[in-house]
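Here is my note on the model you sent. Please read it with the structure open beside you.

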Amino acid sequence: MAKVLVVSGGSRGIGFATAQRFAREGYRIINLSRRPCELPGVINITADFSAADWSEALAAVLNDVFPHEGGRAEVALVHSAAVMTKGGVGGVESAQFRQCFEVNVVAAAELVKRLLPYMAQGSSVVYVGSTLGEKAVSNTAAYVVSKHALIGLMRSSCQDLAGKGIHTACVCPGFTETEMLLEHIGSDEQVMASIVSGITQQRLLRPEEIADVIYFCSNNAAVNGAVLHANLGQIER
Ligand SMILES: NC(=O)c1ccc[n+]([C@@H]2O[C@H](COP(=O)([O-])OP(=O)(O)OC[C@H]3O[C@@H](n4cnc5c(N)ncnc54)[C@H](OP(=O)(O)O)[C@@H]3O)[C@@H](O)[C@H]2O)c1
């Protein structure tokens with residue numbers, strides 16, 4: 001049976017590394033993001049998850065793309081797209097809160113809904129969460145809440161997909177060297193030094209390391225309903 005990766009946020013960072021990893025294993029790749037995933041052979045669907053109508057474009061492509069073996073394939077669905085919204089409780093604008101939720105959580109749920117009819121037994125849904133799915137830091141309320149919610153979505157997926165042969169997990173990266181992190185901390189070397197000093201391995205993760213964990217989860221049905229932290233070990237303070 002054909003194997004298809006549907007990844008969100010494959011234009012860069014962890015999503016891009018995930019597309020590379022699955023492409024190496026022979027998967028056909030469909031990416032959804034505003035900018036394209038620049039790997040050869042990828043089917044790019046331009047989607048802005050903060051806009052209401054993005055999933056119509058997906059529906060149109062799916063019928064064409066999926067192989068004709070009953071219209072199903074072994075699908076690995078990976079929701080990596082996210083925005084990190086700054087602002088604390090009492091400060092963050094409602095519009096920003098909603099936008100963060102649309103991209104980080106609602107888009108994930110919509111992707112599952114749209115893809116389910118095409119997912120054969122052996123398919124998987126991997127949500128890319130965060131360390132901040134199970135703890136909070138200040139001034140990041142919308143993002144923290146969205147990543148907690150994503151774990152709830154993963155646990156609900158595990159329950160609701162029971163009996164379908166589809167497994168699910170939430171991979172929670174620690175500090176990973178991507179544009180999201182670099183944009184968040186800016187060029188402040190002291191902040192970077194402080195982050196690295198809080199990691200037992202004294203370095204940032206590479207996106208490829210997270211992609212390996214995502215690939216592992218996607219290909220191991222024993223990992224179902226699980227939250228996996230992949231953070232190089234964080235020093236408790
Ligand atoms: N980097 C870290 O340290 C870290 C730590 C913990 C968790 N994570 C999680 O890991 C995942 C990947 O993050 P990353 O570090 O790879 O971030 P990144 O480099 O900023 O990539 C984010 C991706 O999300 C897509 N995206 C953002 N807004 C979108 C929108 N409105 N519509 C559609 N796509 C959108 C972007 O694509 P376009 O801009 O092309 O639309 C991009 O491909 C996220 O879920 C993040 O929360 C990252």
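1. Confidence. The mean pLDDT of the protein chain is 95, and 98% of its residues reach 70 or more. pLDDT is the predictor's confidence in each residue, from 0 to 100. Within the chain, β5 has the highest confidence, at 99, and helix α2 (residues 54-65) the lowest, at a mean of 87. Where pLDDT is low, the predicted coordinates should not be read in detail.

2. Ground rules. This is a predicted model, in which local features need pLDDT of at least 70 and side-chain atom pairs count only at pLDDT 80 or more, while totals for chains, interfaces and linings use all residues. Residues are numbered from 1 along each chain as its sequence is written, and side-chain values use heavy atoms, with hydrogens and water left out.

3. Fold. The protein chain has seven helices and seven strands. Both are DSSP runs, numbered from the N terminus: helices are H or I with at least four residues, strands are E with at least two. Along the sequence the order is β-α-β-β-α-β-α-β-α-β-α-α-α-β. The radius of gyration is 17 Å, close to the 18 Å that the globule rule gives for 237 residues, so the chain is as compact as a globular protein of that length. That radius is taken over C-alpha atoms, and the rule is 2.2 Å times the number of residues to the power 0.38. Along the principal axes, the C-alpha atoms fill a box of roughly 55 × 35 × 35 Å.

4. Packing and surface. Of the 237 residues in the protein chain, 49% are buried. Buried means under 20% relative accessible area, exposed means over 50%, and partly exposed is in between (1.4 Å probe, protein chains only). Among contacts with a separation of 6 or more, 71% join residues 24 or more positions apart. A contact means heavy atoms within 4.5 Å. The protein chain exposes about 11100 Å², and carbon and sulfur atoms supply 50% of that area. Accessible areas come from the Shrake-Rupley method with a 1.4 Å probe; for residues, only the protein chains shown count as cover.

5. Charge. There are 19 positive and 22 negative side chains, and the centres of the two sets lie 3 Å apart. Lys and Arg count as positive, Asp and Glu as negative; His and the chain ends are not counted. Each charge is placed at NZ of Lys, CZ of Arg, CG of Asp or CD of Glu.

6. Y143 and T85. Which residues does Y143 touch, not counting those up to four places away in sequence? They are V83, M84, T85, C100, N104, S130, L132 and M180. Y143 lies in helix α4 and is buried, with a relative accessible area of 6%. The C-alpha atoms of Y143 and V83 are separated by 7.5 Å, although the two residues are 60 apart along the chain. T85 sits in the loop between β4 (74-79) and α3 (94-115). At 6% relative accessibility, T85 is buried too. Beyond its neighbours within four places in sequence, T85 is in contact with V92, Q96, C100, T140, A142 and Y143.

7. S146 and G152. Both residues belong to helix α4. S146 is buried, with a relative accessible area of 0%. Leaving out residues up to four places away in sequence, S146 touches C100, F101, N104 and V105. G152 is partly exposed, at 34% relative accessibility. Its C-alpha atom is 9.9 Å from that of G225, 73 residues away along the chain.

8. E102. This residue, E102, lies in helix α3. Its relative accessibility of 33% makes E102 partly exposed. Apart from neighbours within four places in sequence, E102 is in contact with F49, S50 and A107. E102 and S8 are 94 residues apart in sequence and 13 Å apart in space, C-alpha to C-alpha.

9. Backbone points to check. Where does N139 sit? N139 is in the loop between β5 (124-128) and α4 (141-160). Its phi is near 65°, a positive value in a residue other than glycine. N139 is partly exposed, at 46% relative accessibility. L232 also is not a glycine and has a positive phi of about 65°. L232 falls in the segment after β7 (226-230). Is L232 buried or partly exposed? At 18% relative accessibility, L232 counts as buried.
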